[in-house]
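Have the model open as you read.

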Amino acid sequence: MRDLRIVFMGTPDFAVGVLKKLLEEDKNIVGVITAPDRPAGRGRKLKPSAVKEFALSKNLPVLQPTNLKDDNFLTELKALEVNLQIVVAFRMLPKVVWSLPDYGTFNLHASLLPQYRGAAPINWAIINQEEKTGVTTFFIDEKIDTGAIILKEEVSISENETAESLHDTLMELGSELVVKTVSKIEIDEANPIPQIKDITIKDAPKLTSENTRINWNESVETIDAFIRGLSPYPVAWSMLENEGETLKAKIYSATKEMVAHSEKPGTVTTDKKNMKVAAKNGYIYIKVLQLPGKRKMDIGSLLNGFSFAKEAKLV
């Protein structure tokens, strides 16, 4: 049995769940590496990452390097006498870091690799209407998400899945998989398998303002999946043209209705309780919406104080 000294690297809530599980299973975490504190909120006060807050609550040593190649950071890392590193939702590591431990550095990725390599695998799996996804552990190499696979676990994507619900499912599944992976490394039974190369790969690029805008010329199935795959963050959006104003509308929740009609895509129709938007083969019913300067609201509450013109449209 190997005597492991583990350094954990991660930043967001997704990584917290994994770190918490490792501690519950009495794995020897000798240090935590996370992103530097960043300005947040209206006051732009420095806010620690979710991982830092959790690590400090457990009295774990925390390092927050701005430069992963910095000599001082590398000296601190080596002083921890680390022999295994675990990476969950962190950033790309230089070779001088990932090659340091005797037993390697492995990553937890929220997809079934080699599919959905990249920054946003949870979102894109829903947006692309996949029926299944999962989590994968793999040893890090020079490229992004290309290393030899240690373990995988699969899960179905439900019809009404959102990025939030799938995130929570994969965090639990991933936490268990990381513990299984560590246990295999402890007894020298991790037998990594190179990723398949001769298949069509779907990527999971970073989400931006450009690729999160709704295209109302798409089918209702595509738009519905797009909204769910971006909820609650970073949120699908569209421009609302209403009574001479153009406003950015963030759409958090919606349902779909498949029905033939002759309305132009993006046409908005409202009554006292409902707001529907025409798409190629039906309507999208908006359930939760946020307009500039307002909090996000269910559509009934919004319609109580906001008027949509007869010619209103989303573009």
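## α1 against α2

Helix α1 and helix α2 (residues 50–57) pack at about 25 degrees, with their axes 8 Å apart. Here axes are lines fitted to C-alpha atoms, for helices over the stretch in contact, and angles run from 0 to 180 degrees between N-to-C directions. The two helices are therefore roughly parallel to each other (angles under 35 degrees count as roughly parallel, over 145 as roughly antiparallel, 65 to 115 as roughly perpendicular and the rest as oblique). The crossing of α1 and α2 is right-handed, where right-handed means the near helix is turned clockwise from the far one by less than a right angle, and left-handed means anticlockwise.

On the α1 side, D13, A15, V16, L19, K20 and L23 meet A50, V51 and F54 of α2 (contact means heavy atoms within 4.5 Å). Sorted by type, the residues in this contact are seven nonpolar, no polar and two charged; Ala, Val, Leu, Ile, Met, Phe, Trp, Tyr, Cys and Pro count as nonpolar, Asp, Glu, Lys and Arg as charged, and the others, Gly among them, as polar.

A word on ground rules: this is a predicted model, with local features needing pLDDT of at least 70 and side-chain atom pairs pLDDT 80 or more, while totals for chains, interfaces and linings use all residues. Residues are numbered from 1 along each chain as its sequence is written, and side-chain values use heavy atoms, leaving out hydrogens and water.

## α1 against α6

With α6 (residues 163–186), α1 (residues 13–24) packs at about 40 degrees, the axes 9 Å apart. That pair is therefore oblique, and α1 passes α6 in a right-handed crossing. From α1, the contact uses D13, F14, G17, V18, K21 and L22; from α6, H167, L170, M171, S175, E176, V178, V179 and V182. The tally is eight nonpolar, three polar and three charged.

Seven strands make an open sheet of mixed pairing, in the order β5-β2-β1-β6-β7-β8-β9 (two strands pair if DSSP finds at least two bridges between them; helices, H or I, need at least four residues, strands, E, at least two, and both are DSSP runs numbered from the N terminus). Its edges are β5 (62–63) and β9 (149–156), each pairing on one side only.

β1 (residues 6–10) and β6 (residues 84–88) pair in parallel over five bridges, and M9 has V87 as its bridge partner in β6. α1 packs on this sheet, touching β1, β2 (29–33), β6 and β7 (105–109), and its direction makes about 160 degrees with that of β1.
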